[in-house]
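Please look over the sequence and the structure before reading on.

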Amino acid sequence: MKHNSKRFLALFIAASMTLTPVPGVYAEEIQADQQTETTQAADSASEAQESEVQTADQNSQEQNTVNDASGADNVQNNADANENAATQTGNLSGQVENGADQTEAGADANEADNSEADAKKQEALAKLPEITAEAGSFKDGVYQSDEAAIGGSKRTSITCESITVKDGKATARVIFSSDGYPKIWINVAGTIQEYEKRADSAEGTSAFDIPVDLNKEMAVVGYVEKMGSYTQYSLNVKLSEGKEPTGPVPSEPGTTDPSEPSNPGTTDPADPSEPGPSDPEEIVLTDGSYHVDVTSSSTMFKVTNCILTSENGKMYAVITLSGTGYDKLYMGTAEEAAQATDAQCIHYAADAEGNYTYRIPVESLDKEIAVAAHSIRKDQWYDRTLTFSSESARRIIEDGIYEVNAEAGGKMFRVVSCTMQVQNGQMSASVTLSGQGYNRLYLGSIEDAPNDEAHWILPENLLAEQYTFKIPVEELDKTMDIVVHTTKSNKWDTRTLTFYSEGMKKISDNGSGNGNGSLNPGGSGNGNGTLTPGNGGTGNGNTGSNGSGNAGSGNNGSGNSAGSSVNNGQPDTVSKSEADLNKSTVQVNSSTGLKDGVYTPDSFSWSGGTGKVSISCSKVTVTGGQAYATLVFSSQHYQYVKANGNTYYPSEKGARSTTFVIPVALNKNNTIIGMTTAMSTPHEIQYSIFVYLAAAATGGKEATAGKNVTVIGAGTNADGSKKSAAVNQKLDEEAPQIIGLEYQSETKVEHAKYFKIYNYDQGITLLEIDLSQGTGRTEAVESQKTEKTSGTAKKTTKKSKKTSKKNTKKKKKKNSTANGLNPAEQEQADLYQAQVVKYLIVPENAEIPAGLDKEVIVLRPDTKSIYAGTNHVLSILEKLNQTERVSAVGMKAKKCKNDTIKGKMKEKEVLYAGTSGKLDYKKLVKAQSDLAIVSSGILPKEGSSKKAVKKKMTSYQKMTEKMTMLKIPVIVDRSKDEKGKQAKQEWEKVYEVLLGCQSM
């Protein structure tokens, strides 16, 4: 039996020796544990075998007999037991081997991940352009950059806090508007250097001190922690030549040169003789106000509210205590407080609710600050400590107007710009979408949206090319669900909006503007009377006017007309500006061949908005071959204008006007975006302006229209009134001159009397239809003239003047409320009241000068849903093979003479939408009509009584106003009024032009 025990022990030792080793410390631990378990198992087995031997000996002595067969069986059984133990040991060995394999696999996976990440990093760093960080002629000192914004992306802005020049090298403190950037890299003189985020970066930001190239593009690579990506950003730190430093280079102990990398690759070992690390660095927040949580050392001294303010590196807090037991505090110990004078103590101030508040200095966050509190009841000082938590600091968004990054979620739902107004803690966003695809928003469930009309959010301006909605916002950085109504499909759907605090930029206080001081960006002084951006002025600027604003004031010194509608002959200075990070507008080509000087526009026109505010331009200044327009808005509420890729702030604010001077491309459309605070929340409104100088169009030569030629697009006078008047009294015998377009030919009309067609470049066509001759409208016009003459005679008395004022007020009220049209819509509706209605048919890719829609009705030839008012209209459409465009008709199915249309009416593919004289507007909307061709029967017949004429004209006016509101252009077909078959047939040319299907 002893022999068997030794054999069993040998098997266990052999098994333990076959275990696969595991690399590293972990393997040693496994082997040590395994050896212990093996030894313990062997010892246990040995003890068991010895026990069996002793028992066998005892039995042998008692029985004095041994069965050889039984002994053999016992030996065999022991051998089997030994084999089982060896098998178990082998299984354990296999488990250890598997664990080792998994450990190796995990190490391989981590190594692969690290290798991939390192490859991405190296790829990004390899693309970094080299910088020198040379400061050029700038002397040593600390500077403020010309522009705070120096780069970034849509989500993250990068600003420059300060620039330091030392020993000919330039460094800058740059701030990323996100705390997710722990490191950035720069290629300095061919060496990639790494810079770590400053420990004192404000909450939600990442601050770095880095070398920079001044006044030129440079690049950095930032590590985006959340995404695990390496992103390159372009920076441009601008500093005007000759600018003086605002202070000397700081000499702080322990600071390092920012031009040296924070991780150069190798570091010398620490000298053990050197003292250990000093006390933690003081934590000071960047300028601003914050809500901060405060921990007190005593429950009897509890802080319920704390507003901490940081200004120029110094912090103070206004704390509110839970009770009124302490009348004063002292910054120090109770013993020191007992010796202090009363003037050295901080006394309470009661707030509106009677709570005691105290204004105390704060040296640093996350440190215990000793404060002594004086008990009123016991007249005794007590030691207390306060700790202000940096992690809890939440920036307070002050009342004002901000540019905000907003992200839309969902199909075909995109935000192009967003401003937010904060007032008394309430936030509301003005969100401008990319088009007109959604005409209602709703904050609630999609099931409730169709019936809860009272809570629909409608566009601010239905005429705008891009709809803007005012949306209440409860929380930033949180995705909110909204319900949207699609314009075309007439269906409700769900989308999301997220408003980010990151990159939020204040652009003005509520209802107030921006002071500009000196208006030469990058310059100083009073202005030199010229228009050179970036140059400091030294002259008196006597011709200028004094500008003032919320943030400052200064003498423009450049002859700015500043709200005046008169060109004073003096050049104007471009308005103060900064880069528009949202890139709402594109850069324009403002270069011109005109000589430097001051010009009066031959024409100025604009479009956009509701028409409540007008824009005028009385002056164009050309300097250095660049053109700058002086724009005057007839409202004092405009805070900025976005144009040319920048944001421009007012050059002047008058009692009822705001003036901007911006670069423009002459004789071309320029897109600008104006922000107004006239409404309950700030709104950005897109406009298109067209500044026309004939000399620029003709190379300096005069270009004037003939004496009897109508001019369309002459725009406005300096006071905003129209230059062109009485141009729609009769059909033009000569082609009208359309500002910005080139006349090409006239479509020959031999027999018809009631229309004319003129052709211009870009495939644009002018269609004129006479709605007066041969009708009773002539009598109506004469009757209106008589009434106006009579009304004028009555105004000679004082009494009639009061009546006139009342009538004027009533008329204004009627225009603004009775028909539901805003001023811009009313202006378009009035075009239908002219004796000759003019239409400009513009192909899809053609561009027309802004503001032409104030003088002509603009149509597109790609209409898809036509209302055909009569069978005669249907017959012409059928002849031109255009009946597939018909979506609604003016006769019932039984009276329809077109079999195809009649069949579609039965299938409800074509709707009956009322007769020309009594339209069913709901059916027109349902049919998605985009053009209505009606019968001339809606006009009064020639020889009709005055009463009949008035009734017809009133009905016609109401119809055209309603159709203007629905954005459905109206064409009156007068082919039946023509005399002779050939004259009637020539009206097919009108349809060919309207539908873009001219006969060859």
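## A residue in a strand

Serine 508 lies in strand β28, which covers residues 492–508; helices (H or I, at least four residues) and strands (E, at least two) are DSSP runs, numbered from the N terminus. Serine 508 is buried, having a relative accessible area of 4%, where buried means under 20% relative accessible area, exposed over 50% and partly exposed in between, with a 1.4 Å probe and protein chains only. Between serine 508 and threonine 677 there are 9.7 Å in space, C-alpha to C-alpha, although the two are 169 residues apart in sequence.

## Basis of the model

The model is predicted, and local features need pLDDT of at least 70, side-chain atom pairs count only at pLDDT 80 or more, and totals for chains, interfaces and linings use all residues. Residues are numbered from 1 along each chain as its sequence is written, and side-chain values use heavy atoms, with hydrogens and water left out.

## The chain as a whole

The protein chain has 14 helices and 55 strands, and buried residues account for 43% of its 1000 residues. Of the contacts (heavy atoms within 4.5 Å) between residues at least 6 apart in sequence, 64% join residues at least 24 apart.

## An open sheet

Strands of a sheet pair through backbone hydrogen bonds, either parallel or antiparallel. Here five strands form an open sheet with parallel pairing, in the order β51-β50-β49-β54-β55, and two strands count as paired if DSSP finds at least two bridges between them. Because β51 (911–912) and β55 (970–973) stand at the edges with a single partner strand each, one side of each is left without a neighbour in the sheet.

Within this sheet, β49 (residues 866–868) and β50 (residues 886–889) run parallel and are joined by three bridges; isoleucine 866 has valine 886 in β50 as its bridge partner.

## The second largest cavity

A search of the whole structure finds two cavities of 30 Å³ or more. A cavity is a set of points, on a 1 Å grid over the protein atoms alone, where a 1.4 Å probe fits but cannot get out, and lining residues have an atom within 4 Å of a point. Grid points are joined across faces, edges and corners, and a volume is the space filled by probe spheres set on the points.

The second largest cavity has a volume of about 30 Å³, and its lining includes Asn728, Leu831 and Glu855. Strand β47 (residues 836–841) gives the most to this lining, with three residues.

How values were computed
On a 1 Å grid over the protein atoms alone, a cavity is a set of points where a 1.4 Å probe fits but cannot get out, and a pocket is an open set with protein on both sides within 12 Å along at least five of seven lines; lining residues have an atom within 4 Å of a point.
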